[in-house]
Structures are given as C-alpha cells and as structure tokens.
Amino acid sequence: MFERVDFEGNTLVWDYQIKSVNDFKGYYHWHQCGEILYVHEGQGIVVLNNHTYPIRKGMLFFFQPYQLHHVYAEVHSDKPYERNIFYVEPIVMDRYLEAFPYRRAFFSRLWKGRNQQQVFDLSSSMDQVDWIYKSYHQSRSRIGGEWEESVLFLLQLLNVLDQQSDVEQERQPYLVESRQLRHAEKMMHWIEEHYIDEIRLDHMANDIHLSKSYASRIFQQETGSSITDYVTARRLKQAYLLLETTTLSVEEVGRRAGFPNGSYFIQLFRKSAGTTPLQYRQHFERSSRH
C-alpha cells in the first residue's frame with residue numbers, strides 16, 4: 001500500500017498517455033512524494049481525504065506526500081481509462097521555484113496545505129493543458145535540460161491550476177461543503193475517529209443509521225473497495241508514520257495503529273511493504289541520513 005517512487009536523479013517521474021481497457025479497480029495507497037493525476041478519458045471514483053470525487057474528462061487530482069488515496073475506474077473495451085501521471089519531490093522542486101515566489105507559495109499550499117483544494121475541473125482548459133503536457137513530453141529528453149524543462153512545465157501547469165482555483169472557489173461544484181455527504185464518506189469519517197479501536201460494523205452502521213448489509217454494499221459501490229480494505233490501509237498508514245517518527249517498539253506501533261495482535265500486524269505489514277516493521281524502520285533511518 002506504500003509505494004515508494006524512485007526518481008533515479010530525475011526531477012519528475014513521468015507516465016504519459018496511460019490507457020487501460022481492462023478492469024482497473026485500484027487500491028488504497030500512498031507515496032513519499034506528490035502525485036498529479038490528469039484524466040483524459042474515463043469514469044469512476046477517486047477517494048481522497050475521506051471523500052469521494054468523480055473521475056471525468058479534464059479532472060486533475062493532486063495527491064500530497066503520504067496521503068492515502070484510491071482510484072477506481074469503470075473500464076470497458078469501449079470505455080477506456082486514459083490519464084497522465086507524474087510524481088514530484090516537493091522539497092526538491094521548492095528549491096527550483098525560489099525565483100518565482102508567487103507560484104512557489106501556491107505550490108507549497110498544494111503539497112502541504114491542510115484543507116487545500118486538491119481536485120480541479122480543467123475541462124474548459126483541456127486544449128491548453130494538453131498542449132502543456134505534450135510540449136513537456138517532447139522536450140523532457142533534451143540532454144542536460146531535464147530539470148529546466150520540468151520546472152517550466154510545472155510553472156505552466158501551476159498557472160492553470162491557480163486560475164482554476166479562483167473559479168472553483170466561486171462555484172465549488174466538487175467541494176464537499178457544497179453537497180450532502182455520501183454514505184461512504186460518513187463511514188470514512190467514522191473510521192477516522194475509531195480506527196485505533198476494534199471496528200465493529202454493527203456499531204458503525206448503527207451510528208450512521210444504516211443496516212450492516214446496506215453499509216457494506218454501499219461502501220463498495222461508492223468507493224470500489226471494501227470497508228475492511230479501507231480500515232487496513234488506514235491503520236497501516238498510521239503504522240508507517242509511527243515507525244518513521246517515533247522509537248516505539250514494533251508491538252506498540254501496531255497497537256497504536258489499531259493492530260492489537262503483534263504477529264498479525266507484522267504479517268500484514270510484511271505483505272504491504274515487503275519487509276518487517278523493524279527492517280523498514282532501519283532502512284528509513286539509513287535513508288534519512290543520506
């Protein structure tokens with residue numbers, strides 16, 4: 001569920017014009033860096049910040065470092081999911097933007113701001129955005145100029161997002177405050193308050209006035225995944241954070257993340273990270289010193 005992106009000396013990690021024509025269910029995950037998803041074609045759902053947003057042509061999503069998110073696309077042979085994705089190390093890019101204080105401040109809000117708009121409808125600007133992406137894709141392989149082309153690309157994209165941000169604040173069609181919460185969103189908020197404790201479906205369903213069977217079914221329909229998968233992902237994310245920021249024992253980390261059974265926690269963590277919690281912490285500490 002934690003996917004570390006290896007930049008290998010590049011300023012951006014770039015995936016251009018990805019097209020899926022078969023099942024694309026996705027899964028809950030996060031990265032150590034920022035991820036920017038731009039949808040060219042497709043339908044589905046993005047889960048972010050305990051809320052759901054529609055996947056539609058022209059939508060752009062900015063996922064902050066270590067931010068849990070899930071993309072579920074409804075894909076058929078005649079309904080492909082096409083997108084562009086790139087990853088950016090915000091701290092590195094922040095240094096490159098020093099000569100552009102206004103754009104730098106906007107970028108800083110994007111990657112570390114709380115309650116910051118992270119979902120943009122660029123459908124009215126797609127010709128401009130497509131040109132920005134295509135131009136960068138064609139120029140990024142220039143010898144010796146990769147970082148310069150990357151900064152230029154990001155500046156152009158930030159300009160579009162900043163303009164769109166002003167428009168969105170006026171009409172707010174995708175902000176959760178402008179509509180009633182979906183059932184799955186209510187459940188995600190409930191889980192956020194209780195994930196450290198034992199999660200009982202009947203308790204949650206009762207608190208949000210749903211039946212157990214309907215709660216399970218509607219969560220799957222509205223997010224593309226099960227309640228169990230979401231709870232596990234949320235707990236593991238907390239475990240990663242505690243391993244990186246505290247000296248708590250592995251058993252205590254598991255307990256504080258909602259896994260009272262130490263061996264079960266280690267088993268799940270190994271499945272997610274490919275290593276034990278202790279080995280992950282040791283690797284993180286070595287990486288942080290370099």
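**Close-up views of a predicted model**

**View 1. Helices H5 and H7 pack against each other.** Helix H5 (residues 183–194) meets helix H7 (residues 212–223) at an angle of about 105°, and their axes are 8 Å apart. Helices here are DSSP runs of H or I with at least four residues, strands are runs of E with at least two, and both are numbered from the N terminus. Axes are lines fitted to C-alpha atoms, for helices over the stretch in contact, and angles run from 0 to 180 degrees between N-to-C directions. H5 and H7 therefore count as roughly perpendicular (65 to 115 degrees; under 35 is roughly parallel, over 145 roughly antiparallel, and the rest oblique). His183, Ala184, Met187 and Met188 of H5 make the contact with Tyr214, Ala215, Ile218, Phe219, Glu222 and Thr223 of H7 (contact means heavy atoms within 4.5 Å). These residues divide into 7 nonpolar, 2 polar and 1 charged (nonpolar: Ala, Val, Leu, Ile, Met, Phe, Trp, Tyr, Cys and Pro; charged: Asp, Glu, Lys and Arg; polar: the others, Gly among them).

The model is predicted: local features need pLDDT of at least 70 and side-chain atom pairs count only at pLDDT 80 or more, while totals for chains, interfaces and linings use all residues. Residues are numbered from 1 along each chain as its sequence is written, and side-chain values use heavy atoms, leaving out hydrogens and water.

**View 2. Five strands form an open sheet.** The 5 strands lie in the order E1-E7-E2-E5-E8 with antiparallel pairing (two strands pair if DSSP finds at least two bridges between them). Strand E1 (12–20) and strand E8 (119–121) are the edge strands, each pairing on one side only. On average, neighbouring strands are turned by 15° against each other, direction ignored.

**View 3. Strand E5 is joined to E8.** E5 (residues 59–63) and E8 run antiparallel and are joined by 3 bridges. Phenylalanine 61 has valine 119 in E8 as its bridge partner.

**View 4. Helix H3 packs on the sheet.** H3 (residues 126–139) touches E1, strand E2 (34–41), E5 and strand E7 (81–88), and its direction makes about 120° with that of E2. The buried residues of H3 are Met126, Val129, Ile132, Tyr133, Tyr136 and Ser139 (buried is under 20% relative accessible area, exposed over 50%, partly exposed in between; 1.4 Å probe, protein chains only).

**View 5. Aspartate 130 sits in helix H3.** At 23% relative accessibility, aspartate 130 counts as partly exposed. Aspartate 130 touches Tyr38 and His40, not counting residues up to four places away in sequence. Its C-alpha atom is separated by 9.9 Å from that of asparagine 84, 46 residues apart along the chain.
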